[in-house]
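Look at the fold before reading on.

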Amino acid sequence: MSIVVTGATGHLGRLVVEALLAADVPADGIAAVVRNTEKAADLVARGVELRVADYSAPETLKDAFRSGDRVLLVSGSEVGQRVAQHTAVIEAAKAAGVAQLAYTGVLGGPDADFDLAAEHKVTEQAILDSGLPYTFLRNGWYTENYTENLAPVLEHGAVVASAGEGRVAVATRADYAAAAAAVLTGEGHLNKAYELSGDTAWSFAEYAAEIARQTGKDITYNNVPAEAHLQILTGAGLPEQFAAILVDVDAAIARGRLALTTGDLARLAGRPTTPLAETLAEALKA
């Protein structure tokens, strides 16, 4: 039996592997499912097993899992293709007889009413239909979605969004990774769903004020209509489909859909979630 992490060289998957190693899981008890072995060279050097597979190539997934494995399915990043990709993973996991299939979905699960949630909801239902023992890790928004995109904020002196006065309870990828590692190594998590989010929800005005405090610059929150926001994002070079998803997420934030603070994430991680100010400070140093 191994603990298997798919997408193990991605932003989240790699952090889950690191969290497992930090929790003293033996390296040879961890299997990393990757597409590119070169990107996983450091994991091999530490004794982690590699299993090469691609969500989009179902034939490669037949050897990705073993009977009794605990598997984390890190959701794919290719919006529009994820249902087929995830279904291929679910079918391979079922055929192998895995003991647990944990899935990184979206905060709110079946009640989430924004476009980005659609494929996650279909995936959760497919997992339920498979009959596999499951754990749903319904991740909220990542702090890094904002702190990794500070350049235009600092250049123009404004946080631009179309979220109104909505609040968002973000947490770092490392926070979510710690929760995933806890679920994969612990007991009592089968056939449960966890709503994961940061301990505190903040508004974009508060985010702008924190950037101003830490930089000494005049930073304001510029709330714009959705149509204008879409034009700004596409004008900055984002593909229209992706830009539209971001604008739709802002609308969900305005409706309070990403402000939920259940405490599930902190409980699973065994510590408070990382404060926004701390992550922002690290990003500003980079």
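Helices (H or I, at least four residues) and strands (E, at least two) are DSSP runs, numbered from the N terminus. This is a predicted model: local features need pLDDT of at least 70, side-chain atom pairs count only at pLDDT 80 or more, and totals for chains, interfaces and linings use all residues. Residues are numbered from 1 along each chain as its sequence is written, and side-chain values use heavy atoms, with hydrogens and water left out.

Q: In which helix does Ile232 lie?
A: The helix in question covers residues 226-235. Ile232 falls in that run, which is helix 9.

Q: Is Ile232 buried, partly exposed or exposed?
A: Buried means under 20% relative accessible area, exposed over 50%, and partly exposed in between (1.4 Å probe, protein chains only). Ile232 has 41% relative accessibility, so the residue counts as partly exposed.

Q: Which residues does Ile232 contact, leaving aside neighbours within four places in sequence?
A: Contact means heavy atoms within 4.5 Å. Val160 is 72 residues from Ile232 along the chain, yet their C-alpha atoms are separated by 8.9 Å. With neighbours within four places set aside, the contacts of Ile232 are Val160 and Val224.

Q: How many helices and strands are there in the chain?
A: Helix 10 spans residues 240-254, and strand 5 spans residues 100-106. The chain holds 12 helices and 11 strands.

Q: Why is the chain as compact as a globular protein of that length?
A: The radius of gyration is taken over C-alpha atoms, and the globule rule is 2.2 Å times the number of residues to the power 0.38. The rule gives 19 Å for 286 residues. The chain is that compact because its radius of gyration is close to this, at 19 Å.

Q: What percentage of contacts in the chain between residues at least 6 apart join residues at least 24 apart?
A: The C-alpha trace spans about 55 × 35 × 35 Å along its principal axes. Of the 286 residues, 50% count as buried. Among contacts between residues at least 6 apart in sequence, the share joining residues at least 24 apart is 76%.

Q: What is the bridge partner of Thr6 in strand 2?
A: Two strands pair if DSSP finds at least two bridges between them. Strand 1 (residues 3-6) and strand 2 (residues 30-34) run parallel, joined by 4 bridges. Ile3 and Val5 point one way from strand 1, Val4 and Thr6 the other, and all are buried. In strand 2, Thr6 has as its bridge partner Val33.

Q: What is the relative accessible area of Ala102?
A: Ala102 sits in strand 5. Beyond four places in sequence, Ala102 touches Val71, Leu72, Leu73, Thr135, Leu137 and Leu184. Ala102 is buried, with a relative accessible area of 0%.

Q: How far apart are the C-alpha atoms of Ala251 and Phe114?
A: Ala251 is found in helix 10. Ala251 counts as partly exposed, at 28% relative accessibility. Ala251 and Phe114 are 137 residues apart along the chain, and their C-alpha atoms are separated by 8.2 Å.

Q: What is the phi of Asp24?
A: Asp24 is in the loop between helix 1 (11-22) and strand 2. Asp24 is exposed, with a relative accessible area of 67%. Asp24 is not a glycine, but its phi is positive, at about 70 degrees.

Q: Where is Asn191 placed?
A: Asn191, a residue other than glycine, has a positive phi near 60 degrees. Asn191 is partly exposed, with a relative accessible area of 45%. Its place is the loop between helix 7 (173-185) and strand 9 (192-196).
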